[in-house]
Amino acid sequence: MFLSVFDLYKIGIGPSSSHTMGPMTAGGQFLNELKNGQWPRPTGVKVYKLRVHLHGSLAFTGIGHATDRAVILGLCGLLPATVDPNEMDSLLDKVKQTKTLSPEGHPTYRFDPAVDLIMDRRTALPGHANGMAFEAYDVDDRLLLRRIFYSIGGGFVVTEEELESAKTRTAPKAETHSVPFPFKNAAQMMSMAKESGLSIAEMKRRNEEMFMSRVDLNAGLDRIWSAMRSCIDRGLEQEGIMPGGLKVKRRARYLHDRLQEEWRQNRINPLLANDWLSVYAMAVNEENAAGGRVVTAPTNGAAGVVPAVLRYYLHFHEDADQDGIRDFLLTSAAIGGIVKTNASISGAEVGCQGEVGSASAMAAAGLAAVLGGTPEQIENAAEIALEHHLGMTCDPVAGLVQVPCIERNALGAVKAVTAASLAVKGDGTHFVPLDACIETMRQTGVDMNERYKETSLGGLAVNVVEC
């Protein structure tokens with residue numbers, strides 16, 4: 001049941017982990033399969049043309065989420081963690097003009113985005129709402145290879161075969177014991193914490209150190225926070241209209257400047273902490289909406305919550321330090337792993353409760369941990385935050401990760417801090433277990449109408465007249 005902190009926190013680009021990072025990664029995987037040649041084809045026959053079909057939520061909101069751009073970039077051999085956002089437009093223009101793809105180590109392939117990138121809104125693939133099919137053809141238009149991938153949230157991508165195997169596989173006993181604390185739910189996590197006398201962060205750290213040294217783990221955690229902090233800083237520096245056609249203005253810099261002025265004048269502001277939380281979260285998600293460098297936390301659509309709460313911790317708690325940041329990230333990743341294992345972090349699968357709701361639970365747990373909370377108080381904090389996001393739909397206006405997503409991250413951060421504060425002021429006992437709340441989220445997602453799961457077919461997406 002091990003899911004690394006670096007699986008949940010991945011450095012990539014906006015605006016969406018499932019609709020941008022996932023399809024880009026899938027494109028790279030398809031290129032690798034073309035290159036290794038381990039698939040049947042007639043002797044002497046070469047791949048001449050590529051084609052991609054996007055299905056489900058990827059088709060409905062793909063343009064707004066830059067899925068079309070991500071697929072092309074992935075087929076050019078670029079990856080979310082290393083692509084230079086400043087070079088993307090010129091590369092995309094070249095593909096559109098030449099109607100070819102020239103990934104490194106490959107021959108040139110024919111690919112006309114206007115014809116070969118198909119948004120199929122009528123046919124849903126059976127495995128997941130975010131399905132895509134990559135195809136390779138010869139010069140006579142004969143299909144040589146077809147591979148189906150699913151982007152299952154948070155930048156995770158699985159093949160059709162891997163998804164089916166995951167549904168039917170029973171993990172062998174050896175795999176269960178591959179880490180010292182193999183908790184797959186909150187109840188097991190709490191039991192192991194009690195038996196070992198360790199904190200949740202310490203248990204998570206020992207699990208991670210089965211695969212890397214402490215030095216490498218700390219360096220990786222510091223790198224994640226550095227990327228989060230840089231994203232906040234960039235978001236606080238930018239102004240203007242965000243791309244996509246809604247003409248939504250960036251507000252984080254303006255609000256930040258006003259808060260700085262109040263700070264310098266020592267003006268009383270009873271909402272000061274909430275205001276800073278909101279500004280930090282909005283800065284991240286404005287940067288994400290513009291296609292900038294972000295960290296999945298656990299997704300791009302919810303990427304502002306955890307960084308905002310971490311920045312709040314550093315801003316308002318004088319004992320905050322680098323070890324606290326690491327413990328925050330480790331604790332939050334433990335909660336995120338439990339949510340992903342037992343429910344979902346995908347808006348296309350369970351609605352925004354799985355994105356901002358999960359992020360708020362993770363942030364609440366992390367903050368409770370660095371405020372000195374016990375494992376019981378940490379679990380309580382995560383449950384409070386998640387419980388009050390249950391049923392939240394995902395209905396992005398025009399398919400863009402802007403309305404209501406940017407402000408929703410601000411509110412998710414505020415809820416996380418409130419949940420952590422309530423929990424650490426109690427003794428850890430509470431009525432609803434975190435596991436029950438996670439299962440409720442899963443069931444609610446199953447029952448939720450598909451229109452409210454990242455398709456832009458319901459809710460705000462169809463009730464905002466201007467759109």
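Modeller: Let's start with a definition: helices (H or I, at least four residues) and strands (E, at least two) are DSSP runs, numbered from the N terminus. Keep in mind that we're looking at a predicted model.

Colleague: Where is Lys99 found?

Modeller: Lys99 sits in the loop between α5 (88-98) and β3 (100-101).

Colleague: What is phi of Lys99 near?

Modeller: General idea to begin with: most residues other than glycine have a negative phi, and most peptide bonds are trans. Lys99 has a positive phi, near 55°, although this residue isn't a glycine. Lys247 also has a positive value, near 60°, and its place is the loop between α11 (214-237) and α12 (252-264).

Colleague: Now peptide bonds. What is the peptide bond from Gly14 to Pro15, cis or trans?

Modeller: That bond is cis, with omega near 10°. Pro15 is in the loop between β1 (11-13) and α2. There's another cis bond from Ala297 to Pro298, with omega near 0°, and Pro298 belongs to the loop between β9 (293-295) and α14.

Colleague: On to salt bridges. How many salt bridges does the count come to?

Modeller: The idea is a side-chain nitrogen of Lys or Arg within 4 Å of a carboxyl oxygen of Asp or Glu. The count here comes to 21 salt bridges. One of them joins Asp138 and Arg142, with their closest N and O atoms 2.6 Å apart. Asp138 is buried because its relative accessible area is 3%, while Arg142 counts as partly exposed at 44%.

Colleague: Why are Asp323 and Arg326 separated by about one helical turn?

Modeller: Because they are 3 residues apart in helix α15. Asp323 counts as partly exposed at 48% relative accessibility, whereas Arg326 counts as buried at 14%. Salt bridges can also share partners, and that joins Arg205, Glu209 and Arg214 into one network. Within it, Glu209 and Arg214 have their closest N and O atoms 2.6 Å apart.

Colleague: Which residues form a negative surface patch?

Modeller: Glu202, Glu318, Asp319, Asp321 and Asp327 make it up. Take Asp321: this residue is in the loop between α14 (305-316) and α15 (322-342). Its relative accessible area is 38%, so Asp321 is partly exposed.

Colleague: Last topic, cysteines. How many disulfides does a search of the whole structure find?

Modeller: A disulfide is a covalent bond between the sulfur atoms of two cysteines. The search of the whole structure finds 0 disulfides. Cys394, for instance, is in none, and the nearest cysteine sulfur, from Cys352, is 5.5 Å away. The cut-off for a pair of sulfur atoms is within 2.5 Å.

Colleague: Is Cys394 buried or exposed?

Modeller: Cys394 has 8% relative accessibility, so this cysteine counts as buried. Cys76 counts as buried as well, at 13%.

Terms used. Residues numbered from 1 in each chain as written. Predicted model: local features only at pLDDT ≥ 70, side-chain atom pairs only at ≥ 80, totals over all residues. Heavy atoms only, no water. Patch = residues over 30% accessible without salt bridge, like charges linked within 9 Å, V, L, I, M, F, W, Y side chains within 5 Å. Areas by Shrake-Rupley, 256 points an atom, 1.4 Å probe, with all protein chains shown as cover. Lys, Arg positive; Asp, Glu negative; His and termini not counted. Charge placed at Lys NZ, Arg CZ, Asp CG, Glu CD. Buried < 20%, exposed > 50% of the residue type's maximum accessible area, 1.4 Å probe, protein only.
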